[in-house]
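Please look through the structure below. The report that follows takes up a few of its local and overall features.

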Amino acid sequence: MRGGEALLRSTGVPRDGHEPPRGFEAMRGRPRWLIDPVSVGLWVFMGVATALFSLFLFAYVMRIAGGDAAAIAWPKQVWLSTALLALAGIAMQRAARTGPSRDEAAARRALIAGGLLAMAFIGVQLWTWSILSQAQVRLNGNPMGSFFYLLSAMHGLHVLGGLAGWAVAVHAAARGDDARAARLTRLCARYWHFLLFVWVVLFAALAGITPELAARLCGVQ
Amino acid sequence: MAYADAHDDHGPQSFWTKYVWSQDHKVIAIQYAGTAILVGLVGVALSNLMRLQLGFPGVFKFIDPEHYYQFVTMHGMIMVIYLLTALFLGGFGNYCIPLMVGARDMVFPFLNMLSFWVYLLSVIVLMVSFFVPGGPTGAGWTLYPPQAVLPGTPGASWGIVLMLVSLAIFIVAATMGGLNYVTTVLQARTRGMTLLRMPLTVWGIFVATILALLAFPALFVSAVMMLLDRLLGTSFFMPALVSMGQVSEYRGGSPLLFQHLFWFFGHPEVYIVALPAFGIVSDLISVHARKSIFGYRQMVWAIVAIGVLSVVVWAHHMFVSGMNPYFGFFFATTTLIIAVPTAIKVYNWLLTLWRGDIHLSVPMLFALGFISTFAIGGLTGLFLGNVSVDIPLSNTYFVVAHFHMVMGVSPILVVFGGLYHWYPKISGRMLNDTLGRIHFWVTFLGTYAIFFPMHYLGVLGMPRRYYAYEGYEFIPPSALHLNTFISVVAFVVATAQLLFVFNLLWSLKYGRASGPNPWRAASLEWQTPDTPPVHGNWGPHLPVAYRWAYAYSVPGAPEDFIAQNAPPEAGGFEPEPGHDTATRGVPA
């Protein structure tokens with residue numbers, strides 16, 4: 001936890017006790033220090049993750065256009081996991097709500113729920129793996145299956161990374177550091193929405209871009 | 001951590017927190033650079049082993065074809081990824097960004113420390129591959145499937161696995177570092193340090209980092225998918241094939257998909273290395289010619305334009321792989337368009353030098369050397385960017401000559417120039433000048449002697465990646481003699497690098513004390529209250545930037561430079577059309 005705390009701790013320049021963060025960029029008048037560096041870092045990371053998953057998707061389309069891929073029937077567990085991740089995002093959004101009506105206790109409960117729902121998402125994804133495996137959808141078989149295992153695993157790793165950040169937020173809330181907890185919760189909420197967006201795009205691609213469509217997209221049919 | 005206040009915080013005190021588990025960007029920079037230089041020396045040694053075989057074929061019995069291909073592969077990967085990328089971003093990026101933008105550190109120091117240790121882990125995994133059964137991979141640095149993972153290719157059992165794992169680990173490290181560099185540039189600039197006042201070194205590293213963050217995922221995707229092909233029997237890249245008489249389990253995979261992913265990373269990688277070099281060389285030329293950089297804004301936009309264009313040219317590495325002719329036309333066109341912003345930069349360097357007060361110091365020599373080698377390498381790039389010229393020259397020594405001049409020799413000359421330039425700030429001592437000049441001339445002339453003749457070998461049709469060249473009627477004996485000459489020069493140049501390493505270590509203790517600003521440079525890193533800068537960089541007060549970093553030889557100024565943080569009354573503001581320069585530069 002200590003490492004996680006430090007990971008999210010940012011020095012930034014406003015720490016200079018002698019020069020309070022008056023925070024106006026000289027020529028532009030932009031209040032630079034109103035933006036949390038961790039928030040900017042998260043945006044940048046989400047950009048990197050977007051590049052990663054986009055490339056996976058391009059690879060998916062090019063590969064399944066090859067002629068040996070066959071569409072697979074998706075078990076209903078995939079819909080359940082998608083719903084869980086959506087609920088996790090809703091809970092996290094409630095936890096991150098600001099303004100005079102903010103109830104710290106309710107926010108803490110929502111924060112916990114957001115994390116637990118994300119864990120449940122991981123659990124159901126693993127369940128989906130076992131169902132597909134029983135249906136003879138192998139990692140080293142039909143490329144549609146290979147890509148499902150690969151993409152859901154990569155997405156799951158990103159969810160686990162988010163849960164590490166979530167644990168830091170829960171720790172801050174448990175210590176009674178409400179301001180820090182609220183700040184981290186807002187970042188978690190943004191990341192949860194991103195995870196949902198990525199998963200929906202991946203699932204839509206896996207379900208919607210059939211080998212025939214991919215072949216047409218790649219101009220090989 | 002709140003080390004801004006000099007009264008109640010003195011930074012880490014123990015040896016371990018100060019030098020090993022350090023979160024100080026300057027220490028991390030040195031850790032990165034030291035590791036990169038060490039692994040780079042391994043890369044140089046491997047190139048010399050290759051040259052032993054090429055210059056004196058069959059004489060050294062321990063260099064069999066398997067070993068030769070392993071040397072080729074490891075040399076390429078080490079130099080491109082583990083030396084140049086790590087040194088420019090992890091070394092120069094870490095050292096220069098916070099000091100040049102007036103910050104106390106990177107915005108995420110702990111992540112920064114992790115970045116180095118993860119990088120070190122990737123290097124260790126790579127080095128371990130020398131000692132595993134079968135040795136490191138010999139698939140060529142491009143690691144093309146299907147041959148990279150098939151028996152018959154050296155290192156197909158363990159070597160390729162360790163290479164792919166090492167690359168994946170490296171990408172994690174580079175991402176951690178990249179998040180820091182980008183966020184620090186965006187968020188931790190001191191007052192008055194607008195984006196268009198940042199030194200070009202920071203601009204180069206900043207845009208290169210964005211490129212790295214967007215391009216390295218492509219290598220990550222290809223590494224993960226190839227690992228799965230190799231270890232778990234998937235067929236992402238592996239087609240159905242018969243290997244050594246055995247029908248493999250693979251079916252349907254696309255080797256061409258790997259090529260696209262690899263080069264979607266691989267070409268931006270050229271600019272991940274080149275853009276920091278462009279930035280650094282701009283600063284070296286301006287400081288050592290005592291003249292403001294010509295066309296600062298053009299230089300910034302050229303860096304941005306090159307960065308953008310570099311992600312839409314990748315398939316020019318695949319002209320011989322076969323593609324729709326219209327795609328070939330597209331990629332040839334985008335490739336040639338890159339010449340425009342690149343040429344703008346070269347012209348601006350020359351115009352900066354024009355009528356400058358040129359000091360032929362060692363950093364300046366390396367900067368001038370860079371302009372020469374980069375122009376040569378860039379011009380041969382125009383040849384290879386054209387499909388019709390590329391096809392006959394592809395896979396010949398012309399390509400070897402081109403990319404070594406443009407992205408081997410050129411960036412490494414800038415690395416040396418940068419190290420000679422900033423060493424006094426890093427250590428408080430000057431590098432030995434005589435050793436530096438010997439190092440420059442041997443390296444500069446030597447690399448020309450190595451790579452320039454390779455253009456002729458390439459035009460002659462001499463294929464690259466061959467273990468031996470005897471018995472080919474179209475290769476005359478003179479080509480083999482030329483190879484011997486190249487090899488001898490390569491050994492001399494390699495030895496000169498040891499001289500440089502000796503200089504680095506010797507000068508730490510015996511070098512002449514440099515003082516805070518031996519080059520009389522204007523940018524912020526030279527204005528720190530302590531040299532070397534202490535933890536937190538700036539003492540109790542952060543500097544305030546009142547002007548750009550290129551106020552040299554300003555008419556009427558008492559000295560021939562005005563520091564970026566000198567009071568506004570000193571003048572020397574950046575030229576900007578439409579603004580009254582007399583009242584500009586004062587932060588709100």
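## Backbone angles in two loops

N395(B) sits in the loop that runs between α12 (387-393) and α13 of chain B. The model is a predicted one. The phi angle of N395(B) is near 65°, which is a positive value in a residue other than glycine. How accessible is N395(B)? Its relative accessibility is 39%. A residue counts as exposed over 50% and as buried under 20%, so N395(B) counts as partly exposed.

R355(B) also has a positive phi without being glycine, with a value near 55°. This residue belongs to the loop between α10 (339-353) and α11 of chain B. R355(B) has a relative accessible area of 74% and is therefore exposed.

## Cis peptide bonds

Where do cis peptide bonds occur in the loop and end segments of chain B? The bond from P145(B) to P146(B) is cis, and its omega is near 5°. P146(B) is placed in the loop between α4 (109-128) and α5 of chain B.

T531(B) and P532(B) are likewise joined by a cis peptide bond, here with omega about -5°. P532(B) lies in the segment that comes after α15 of chain B.

## Aromatic pairs

Over all chains, the structure holds 66 aromatic pairs. One of them is made by F278(B) and F374(B): the ring centres are 5.0 Å apart and the planes stand at 75°, so this pair is edge-to-face.

Y397(B) and Y469(B) form another edge-to-face pair, with 6.3 Å from centre to centre and 65° between the planes. Here too distant parts of the chain are linked: Y397(B) is in helix α13 (residues 397-427) of chain B, while Y469(B) is in the loop between α14 (433-459) and α15 (477-510) of chain B, and the two are 72 residues apart. Y397(B) and Y469(B) are both buried.

## Cavities

How many cavities of 30 Å³ or more does the structure hold? There are 5. The second largest cavity has a volume of about 80 Å³. Its lining consists of 14 residues, and those nearest its centre are Y32(B), L89(B), G90(B), A174(B) and Y181(B).

Three helices of chain B, α3 (65-101), α5 (159-187) and α6 (200-232), each supply at least two residues of this lining. α5(B) gives the most, with 6 residues. Sorted by class, the lining of the second largest cavity has 8 nonpolar residues, 6 polar residues and no charged ones.

## Chain B as a whole

Chain B has 15 helices and 2 strands. The radius of gyration of chain B is 24 Å, close to the 25 Å that the globule rule gives for 588 residues, so the chain is as compact as a globular protein of that length.

Of the 588 residues in chain B, 63% are buried. Contacts in chain B between residues at least 6 apart in sequence can also be sorted by separation, and 78% of them join residues at least 24 apart.

Terms used
Residues are numbered from 1 along each chain as its sequence is written. Chains are lettered from A and ligands numbered from 1 in the order in which they are written. This is a predicted model: local features need pLDDT of at least 70, side-chain atom pairs count only at pLDDT 80 or more; totals for chains, interfaces and linings use all residues. Side-chain values use heavy atoms; hydrogens and water are left out. On a 1 Å grid over the protein atoms alone, a cavity is a set of points where a 1.4 Å probe fits but cannot get out, and a pocket is an open set with protein on both sides within 12 Å along at least five of seven lines; lining residues have an atom within 4 Å of a point. Grid points are joined across faces, edges and corners, and a volume is the space filled by probe spheres set on the points. Helices (H or I, at least four residues) and strands (E, at least two) are DSSP runs, numbered from the N terminus. Ala, Val, Leu, Ile, Met, Phe, Trp, Tyr, Cys and Pro count as nonpolar, Asp, Glu, Lys and Arg as charged, and the others, Gly among them, as polar. Rings of Phe, Tyr and Trp (its six-membered ring) pair if their centres lie within 6.5 Å; planes under 30 degrees apart count as stacked, over 60 as edge-to-face and the rest as tilted. Buried means under 20% relative accessible area, exposed over 50%, partly exposed in between (1.4 Å probe, protein chains only). The radius of gyration is taken over C-alpha atoms; the globule rule is 2.2 Å times the number of residues to the power 0.38. Contact means heavy atoms within 4.5 Å.
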